[in-house]
Amino acid sequence: MSSKIINGLWVEDSGNGKDAVLAIHGLGGSSNFWHSVLPAFGERRVIRPDLAGAARSTEAPEGLSIGQHVAALVGLLDELGLESVDVVAHSMGTIIAQHLAVRYPQRVRSLALFGPLAAPADAAREPTRNRARLARSGMAAMQEIADAICKAATSAQTKAERPAVLALIRESIMRQPAEGYARNCEALAEAVAAEVEQLAIPALLVTGDEDGIGTPAGTAALAERLKTRNTFVLQGCGHWTVYEKPFECLRILTDFYKA
């Protein structure tokens, strides 16, 4: 495994198979989000960047957008000499992944989407902008954001039985650069749905029965727009799918890549 900065993005690069996976984390995440499911990728090479402004990738341009994230990831693939990849993504990363697949269909062989959403619900856009403003007010604000997310975006079972998962989510969010996190909030708030109806690649959609962001209903609606898809709703699971139900996610991903 190697770790280095490529075009401003911190990238973990593991494996040496001829096929490769690009793993895209969500808002408040990092390359570490995918650590527990790495065995699902088998012999594939796995590319795990921290998105612009997130975690160890501290640089984030003003006016950061989903389109800029897509361009940065295409640039990363070019730099690594990867013509096409399987893409696995979480939360905001699933929006990026959909736009990547639509704009560059020759570069994406499949989509595996966890806590998926086509775009933020209209009712969520202004609160997301408000979160950006809160993040800019200092480290204490990032702590407040982290505590609120642990409370609102995880299942009752996770809160009752998995304190280590709550600590992991909290640490992931509190480790974000405040300005980079704020700009990613703003990028998410402005996101629009990609025209995924034109895609003809295998797609996997996994959400939790208590996911209030990538809701089961929203996931079902997105699935209906995709030509080839498998959908799973995990019981006792919120939005942080891979953290809350790692063994189930590992099994589902393993089966998807074996198909």
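At what angle do the axes of helix α1 and helix α2 cross, and within what distance do they come? Select residues 66-80 for α1 and residues 92-103 for α2: the axes come within 9 Å and cross at roughly 65°. Angles of 65 to 115 degrees count as roughly perpendicular, so α1 is roughly perpendicular to α2. The model is a predicted one.

From α1, show Ile-66, Gly-67, His-69, Val-70, Leu-73 and Val-74; from α2, show Met-92, Ile-95, Ile-96, His-99, Leu-100 and Arg-103. These residues make the contact, which by class has 8 nonpolar, 3 polar and 1 charged residues. The crossing of α1 and α2 is right-handed.

Next, go to Val-88. Along with Phe-114 and Leu-253, Val-88 has the most contacts inside the largest nonpolar core, a set of 86 residues. Select what Val-88 touches beyond four places in sequence: Val-21, Leu-22, Ala-23, Ile-24, Trp-34, Phe-41, Ala-112, Phe-114, Leu-253 and Tyr-257.

Finally, select residues 122-135 (helix α3) and residues 178-189 (helix α7). Their axes are 8 Å apart, and the packing angle is about 170°. Angles over 145 degrees count as roughly antiparallel, so α3 is roughly antiparallel to α7. This crossing of α3 and α7 is left-handed.

On the α3 side, display Arg-125, Thr-128, Arg-129, Arg-131, Ala-132 and Ala-135. They meet Ala-178, Tyr-181, Ala-182, Cys-185, Glu-186, Leu-188 and Ala-189 of α7. Coloured by class, the contact of α3 with α7 shows 8 nonpolar, 1 polar and 4 charged residues.

How values were computed:
Residues are numbered from 1 along each chain as its sequence is written. This is a predicted model: local features need pLDDT of at least 70, side-chain atom pairs count only at pLDDT 80 or more; totals for chains, interfaces and linings use all residues. Side-chain values use heavy atoms; hydrogens and water are left out. Axes are lines fitted to C-alpha atoms, for helices over the stretch in contact, and angles run from 0 to 180 degrees between N-to-C directions. Helices (H or I, at least four residues) and strands (E, at least two) are DSSP runs, numbered from the N terminus. Angles under 35 degrees count as roughly parallel, over 145 as roughly antiparallel, 65 to 115 as roughly perpendicular and the rest as oblique. A crossing is left-handed if the near helix is turned anticlockwise from the far one by less than a right angle, and right-handed if clockwise. Contact means heavy atoms within 4.5 Å. Ala, Val, Leu, Ile, Met, Phe, Trp, Tyr, Cys and Pro count as nonpolar, Asp, Glu, Lys and Arg as charged, and the others, Gly among them, as polar. A nonpolar core is a set of buried Ala, Val, Leu, Ile, Met, Phe, Trp, Tyr and Cys residues joined through side-chain atoms within 4.5 Å. Buried means under 20% relative accessible area, exposed over 50%, partly exposed in between (1.4 Å probe, protein chains only).
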